[in-house]
Amino acid sequence: MNPQGALLAPFATKKQLAGTAFVHLDGCLHATFGTTDFLSALELVNRVGEAAEALNHHPDVRLGYGSVSLVLTTHDAGGVTARDLELAARVQQIADTLGANAHPTRPTRYDIAIDCTDADAVRPFWQVGLGYTEVTGADGVELVDPRGLAPKVWFQHMEIARTDRNRIHMDVYVPSDDAEDRVAAVLAVGGMLLSDEHAPDWWVLADVEGNELCVCTAAF
C-alpha cells in the first residue's frame, strides 16, 4: 500500500486508471469529458467541485461548451499520488452518473530544444522575444510561457557547435502506452528513425529534410 504522499509512476497507476477517462502523463492525471451542452458541462464541474472540497484536493478545470477538462496532481509532492487516484475515481463516478463521455483526444506536452554552446548568452534573446519566464527544471534553466499555454523552451549544451544539422528541434511527450504507436505513425508517413538508443524514454526521428522530432515519455 502506497502512502498518500508517495509519488506514483505511470506503470503504478495503469491498473487503477484502466476503463476511466484519465491518462497519466508528465506528473499529472488528465481527462476530458464531453457533455450535451454548456449547462450539463457546468453541472459536471459543480459536482466535481463538491467532491474535491470533500477530499480537500482540487483539480485544475477548464470548462467549455459541452466539454470539461481536468488535470489532477499533488503539487506539494511534485506529481501523482494516491490522493489523485482517489479524486479521479470520484470524478469518473460523477461523470458516469451524469452521462458524460470520455473524449478520445489523448494528452500531450510539447517542448522546443535549442542546441547551443553558451545557454546563458542565448537565453535572454529567447526569453524577451517570446515573453517567457525563467524557471529551473530538469534540463537546467528553462523558459516557460507565463500563461501556461505555449511550449517550454530548453537549452541543450554542445561542446562544439554543430553545423551539419538544425540546432532547434521539437520534443513531444505522450503517454507511455501511446509512444510506440506514435513512432510507427511517424515512420509510416515517411519519417526516419535516427536513434532508439534511449527507448522507451525517447526516440529521435527526422523528416525527409533532416528536421528532428523526439517522441518522449515521462517517468512521472
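At the start of helix 2, a side-chain oxygen of Asp37 comes to within 3.3 Å of the backbone nitrogen of Leu39. This contact, like everything described here, is read from a predicted model. Helix 2 itself runs over residues 38-55, and its 18 residues reach 26 Å from the first C-alpha to the last, close to the 26 Å expected at 1.5 Å a residue. Along this helix, Ala41, Leu44, Val48, Ala51, Ala52 and Leu55 are buried. Viewed down the helix axis, these buried residues fall within an arc of 100 degrees, so they line one face of helix 2. An α-helix has 3.6 residues a turn, so residues three or four places apart point the same way. On the other side of helix 2, the exposed residues are Leu39, Glu50, Glu53 and Ala54. The buried residues are covered by elements that include strand 2 (28-34), strand 3 (60-64), strand 4 (67-72) and helix 3 (82-98). Just after the helix, Asn56 adopts a positive phi of about 55 degrees.

Helix 3 can be followed in the same manner. Its 17 residues should span 24 Å at 1.5 Å a residue, and the end C-alpha atoms are 25 Å apart, which agrees. Buried residues in helix 3 are Ala82, Asp84, Leu85, Leu87, Ala88, Val91, Gln92, Ile94 and Ala95. Among the elements covering them are helix 1 (10-17), strand 2, helix 2 and strand 4. Just after helix 3, Gly99 takes a positive phi of about 75 degrees.

Stepping back to the whole chain, the protein has 5 helices and 13 strands. Its C-alpha trace spans about 60 × 40 × 40 Å along the principal axes, and 36% of the 220 residues count as buried. Among contacts between residues at least 6 apart in sequence, 62% join residues at least 24 apart. The domain assignment divides the protein into domain 1 (10-103) and domain 2 (112-216). The centres of the two domains, taken over C-alpha atoms, are separated by 29 Å.

At the boundary between the domains, 6 residues of domain 1 are in contact with 6 residues of domain 2. The size of an interface is often given as the accessible area lost when the parts come together. For this pair of domains, the buried area is about 370 Å², and carbon and sulfur atoms give 65% of it. On the domain 1 side, Lys14, Val23 and Leu25 supply 68% of the area buried against domain 2, more than any other three residues. Strand 1 (residues 23-25) also holds His24. His24 counts as buried because its relative accessibility is 6%, under the 20% limit. The side chain of His24 forms a polar contact of 2.8 Å with that of Thr13.

Two aspartates illustrate contrasting surroundings. Asp178 sits in the loop between strand 10 (168-173) and helix 5 (179-188), and is buried, with a relative accessible area of 18%. Its side chain is joined to that of Arg106 by a polar contact of 2.7 Å. Asp178 and Gly49 lie 129 residues apart in sequence, and their C-alpha atoms are 30 Å apart in space. Asp181 lies in helix 5 and counts as exposed, at 58% relative accessibility. From Asp181 to Phe33 the separation is 148 residues in sequence and 23 Å in space, C-alpha to C-alpha.

Thr217 lies in the segment after strand 13 (212-216). With a relative accessible area of 13%, Thr217 is buried. Its side chain reaches the backbone oxygen of Pro200 at 2.8 Å. Leaving aside neighbours within four places in sequence, Thr217 is in contact with Tyr173, Val174, Pro175, Ser176, Ala179, Pro200 and Asp201.

Conventions: Residues are numbered from 1 along each chain as its sequence is written. This is a predicted model: local features need pLDDT of at least 70, side-chain atom pairs count only at pLDDT 80 or more; totals for chains, interfaces and linings use all residues. Side-chain values use heavy atoms; hydrogens and water are left out. Helices (H or I, at least four residues) and strands (E, at least two) are DSSP runs, numbered from the N terminus. The expected span of a helix is 1.5 Å times one less than its number of residues. Buried means under 20% relative accessible area, exposed over 50%, partly exposed in between (1.4 Å probe, protein chains only). The arc is that of the directions from the helix axis to the C-beta atoms. Contact means heavy atoms within 4.5 Å. A polar contact is a pair of N or O atoms within 3.5 Å; within protein, one must be able to donate a hydrogen and the other to accept it, and residues adjacent in sequence count only if both atoms are side-chain atoms. Domain bounds come from an automatic or database domain assignment. Buried area is the accessible area (1.4 Å probe) that two parts lose on being put together, summed over both.
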